[in-house]
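User: I would like to learn how to read packing features in a model. Please take me through the aromatic rings, then some helices, then a whole chain.

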Amino acid sequence: MTHWAWIRRRLARSLRIRFGALVLTLVVLPALFAEFVAADAPVFAYRAGAVVVFPAIVQPADQQGMSPADISARYEHDVAWWPLVRSGPDTESAMGPLAPMCRAHPLGTDELGRDLLARLVYGARTALGLALFALLVSLVLGVLLGAIAGQVGGIWDEMLTRQVEIVETFPCIVVVAVVRAVYPEATYWSLVLAIAAVRWAEVARLVRAEVVRLSHADFVAAARALGCSRIRILRRHILPHAFRPVVVSMMFGVASVVLLEASVSFLGLGLEGSWGVMIAEGLAPGAPLGPTLWAGLALVLTVGAAYLMADAVNESVDARVATTRRVRR
Amino acid sequence: MLRHALRRLLWVFPSVVGVSLISFFVLSQIPAFGHDALGDQVGHLEGDLEAHRRSRFLDLPLFFNLRARDLQARVVAARDVIALGKPGSEAMERGPDELARLGGAALPEILPTLDDLSPALQVRLTLALAPVAERMGLKHDGEPSDPAQVVHFWQRFWEAWGVEFRDSTARSSVRRYARYGTDARAKELRTLDTFALPALMEALQVPGHAGEVAAARRIVDLIVHVTERRDAIRVGATVAEARACVERWQRWWLVYEADYLRLAGAARVAAFALETRYGKWVFETVVLRLGRDAKGRPLLDELIASSQVTVTILLLGIALAYLFAVPLGTVSALFRSRGVDRTICALVLLPYALSPAAVGLLALHVGAISSGSGWGAAVLLGLVLVADPTHQQRAELVPVLAEDYVRAAIARGAGPLRVLFVHGLRNAMLPVVTRAALELPVALTACFVLEHVFALSGLGQATLEAVRLHDTSWLMALSVTAAAVAVVSLVISDVSYSLLDPRLRHALMQRSRRRA
């Protein structure tokens with residue numbers, strides 16, 4: 001049995017992995033296909049002899065200034081496939097504010113009459129998208145800098161190690177505050193860069209550790225004796241070993257970035273359509289707790305699932321931990 | 001060991017400088033004239049855009065200034081304006097105004113070389129000095145404003161007084177004036193006009209007690225007279241008022257120092273770095289105790305006052321979290337993969353995943369914790385933070401319990417408690433507990449959120465306010481402090497780990513001995 005097959009078997013057997021993967025899929029799928037879950041306009045419609053797909057995206061000018069009722073009326077006589085909820089995250093529903101759960105609004109509406117499910121789904125897109133891009137940027141930065149530091153060594157290595165330590169312990173919220181002071185309107189990319197500016201350090205540390213550990217290993221010496229270039233040795237022989245710790249760190253990263261995004265938006269430093277903003281709506285005296293509770297539930301599911309999976313993967317790849325159970329008895 | 005700690009601690013400086021450079025660069029991208037509390041204030045006080053720009057150092061380059069504008073450059077510029085400007089034009093007004101502002105300090109630049117200029121320019125230039133003569137209190141019969149006599153008047157003045165326009169003279173007169181405050185000295189210094197400003201500013205001390213107020217007021221009075229900028233210490237002012245006034249003047253001097261000094265030699269080289277926005281910021285930070293925030297309050301006092309709440313919450317919360325995390329993680333590791341373990345993991349994970357915002361809000365709504373309660377915030381912070389150390393404790397202990405020496409201990413007949421405490425926890429607890437120091441900066445986000453929920457006026461609220469007002473100085477101070485705290489907590493974590501772990505201590509000792 002190869003090492004990978006062993007890991008795969010352990011992963012598949014783990015309850016936490018299965019549970020986490022299921023829950024994460026339940027969050028990621030609606031986030032990816034948010035337009036199928038909640039939108040003002042139908043997903044596609046057969047109208048005047050032509051098929052219109054995603055009219056809200058393809059022809060946004062057509063619907064400028066139309067109320068949801070107008071849009072409904074417009075497609076009434078056509079063959080149309082509507083999303084689950086017929087209102088977007090910013091649309092005020094005809095049912096008015098604080099509508100109870102019903103067929104049109106599965107989770108009801110908030111104080112301004114916006115559909116809660118729609119807001120949750122688009123919030124998931126914001127949170128997960130931010131996490132994805134921030135982690136990707138930090139991955140690229142971290143692998144590059146970590147590999148360079150591990151290979152070059154000497155004073156550069158020392159400097160990067162110290163820098164990584166400081167960046168890792170630097171409070172992320174301060175970076176976000178500084179970036180927000182510069183860009184009064186929070187843009188998606190400014191937040192992505194702010195978060196990546198702190199998160200790359202962890203990846204760099206992990207990658208560097210592997211590079212330093214393995215650069216004197218026998219198989220690396222053998223590869224060098226065979227005439228492999230440094231880049232090839234790094235790419236084919238050393239970096240694959242860093243894959244596992246980096247994957248674990250990325251999964252923990254999903255949890256922490258989603259949480260950070262919620263906190264930052266809660267403080268009013270983040271993006272508009274976010275779970276943090278929904279939570280913050282419960283702060284006003286006498287405000288209904290609905291948005292807070294639903295956003296909190298969404299956070300628990302997302303963060304909890306990511307954390308559980310990361311934890312399980314972490315254990316399953318560590319042979320020492322994985323074989324201890326019988327010994328303890 | 002001490003040497004190791006000190007060497008690590010030395011990294012505070014490069015990292016603080018690095019962080020400050022980066023944040024300064026980022027913050028300098030703030031559009032200069034937005035909604036800006038400082039702008040409103042200063043604009044009100046001095047009434048013009050130029051002064052505001054200068055007071056925020058926007059006329060200076062960011063990091064390098066190869067052509068620092070000193071006294072000489074300004075005098076030459078003013079002379080050129082007077083020489084080239086058409087009579088009656090706007091530039092013609094500005095040149096003499098600038099010369100009058102530069103005042104006595106400009107005289108050594110102008111009067112000795114007066115003969116090299118054309119007669120017409122001599123007259124125009126010296127006529128522009130009429131307000132200076134007035135300010136100096138020179139005796140005259142209308143000569144400074146009489147085109148026929150003005151050049152001769154100033155030449156005579158320079159013959160009589162030129163010897164006095166030397167740094168050492170100015171400094172010794174100021175020293176004597178500060179000590180005795182005689183009218184004769186005051187008159188002498190008034191004659192030196194702005195030439196005495198550097199010495200006056202050097203002699204101006206922030207009054208510490210009531211006895212020093214009078215000396216400060218004497219000097220400030222002279223400075224006010226010379227600069228025609230009305231901001232004197234009034235008679236009978238309290239120490240706090242006097243101190244605020246002196247600090248305002250020191251800040252003013254930070255902005256306008258180069259106008260009254262001729263940069264030469266080392267000073268000119270230093271000006272490459274110092275006459276820049278970053279250089280001025282560093283100077284303000286080090287000498288003027290971080291300067292003032294956007295509302296004009298002393299920044300250091302604000303920072304200390306608001307960080308008290310935050311630091312208390314942080315320390316309490318972290319202590320609480322670790323107090324519970326270590327036993328929970330231990331129990332979890334002992335009952336690995338069984339019901340107890342799963343329950344603990346889930347319970348610990350729940351508040352963490354719920355995010356501090358939701359946890360705080362729910363606690364507020366349930367009525368468990370009332371608004372404004374610092375203790376409540378600390379408890380909730382502990383609740384939110386407990387997940388990570390618990391998991392770490394569990395992850396550390398599980399492999400330790402599988403070690404051969406634990407098996408050997410069991411085989412020798414050691415009891416379960418002895419195995420756990422002596423063989424297990426002793427090895428597994430250290431890496432977890434020593435990481436507690438690192439939580440301080442990391443837990444800051446959660447702390448800000450909880451402060452916001454419970455309406456506590458700590459660092460979080462102040463920072464949100466600063467972001468709204470684009471308060472550069474506050475954010476700079478915050479990020480530099482954060483970097484310093486990060487380094488210090490790293491050192492604490494590192495050193496405590498190596499102190500508590502004999503193996504590491506040994507390794508470290510050997511390494512440092514080898515190096516020596």
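Analyst: A search over all chains of the whole structure finds eight aromatic pairs. Rings of Phe, Tyr and Trp (its six-membered ring) pair if their centres lie within 6.5 Å; planes under 30 degrees apart are stacked, over 60 edge-to-face, the rest tilted. One of the pairs is Phe24(B) with Tyr278(B), edge-to-face, at 5.4 Å centre to centre and 75 degrees between the planes. This is a predicted model: local features need pLDDT of at least 70, side-chain atom pairs count only at pLDDT 80 or more, and totals for chains, interfaces and linings use all residues. Residues are numbered from 1 along each chain as written, chains are lettered from A and ligands numbered from 1 in the order written, and side-chain values use heavy atoms, without hydrogens and water.

User: Which parts of the chain does the pair of Phe24(B) and Tyr278(B) link?

Analyst: Distant ones, 254 residues apart: Phe24(B) sits in helix α2 (residues 12-27) of chain B, and Tyr278(B) in helix α17 (residues 277-287) of chain B. Helices (H or I, at least four residues) and strands (E, at least two) are DSSP runs, numbered from the N terminus.

User: Is Phe24(B) buried or exposed?

Analyst: Buried means under 20% relative accessible area, exposed over 50%, partly exposed in between (1.4 Å probe, protein chains only). Phe24(B) has 9% relative accessibility, so it counts as buried. Tyr278(B) is buried too, at 13%.

User: How do I classify the rings of Trp249(B) and Trp252(B)?

Analyst: A pair of aromatic rings is described by the distance of the centres and the angle of the planes. For Trp249(B) and Trp252(B) the centres are 5.2 Å apart and the planes at 75 degrees, so the pair is edge-to-face. Both lie in helix α15 (residues 239-256) of chain B, three residues apart, about one turn of the helix. Trp249(B) is buried at 0% relative accessible area, and Trp252(B) is buried at 7%. In chain A, ring pairs link Phe133(A), Tyr188(A) and Trp189(A) into a cluster.

User: What span should helix α10 of chain B have?

Analyst: The expected span is 1.5 Å times one less than the number of residues. Helix α10 (residues 150-161) of chain B has twelve residues, so it should span 16 Å; its end C-alpha atoms are 16 Å apart, which agrees. Its buried residues fall within an arc of 160 degrees seen down the axis, so they line one face of the helix. The arc is taken from the directions from the helix axis to the C-beta atoms. Among those buried residues are Phe153(B), Trp154(B) and Trp158(B). On the other side of α10(B), Glu159(B) and Ala160(B) are exposed. The cover over the buried residues of α10(B) includes α7, α8, α9 and α12 of chain B.

User: Where does helix α23 of chain B bend?

Analyst: A bend at a residue is the angle between axes fitted to the seven residues ending there and the seven starting there. Helix α23 (residues 416-433) of chain B bends by about 55 degrees at Leu425(B). Leu425(B) is one of the buried residues of α23(B). Those buried residues pack against helices including α18, α21 and α27 of chain B.

User: How many helices and strands are in chain A?

Analyst: Chain A has 15 helices and three strands. Of its 329 residues, 50% are buried. Contact means heavy atoms within 4.5 Å. Among contacts in chain A with a separation of 6 or more, 67% come from residues 24 or more positions apart.
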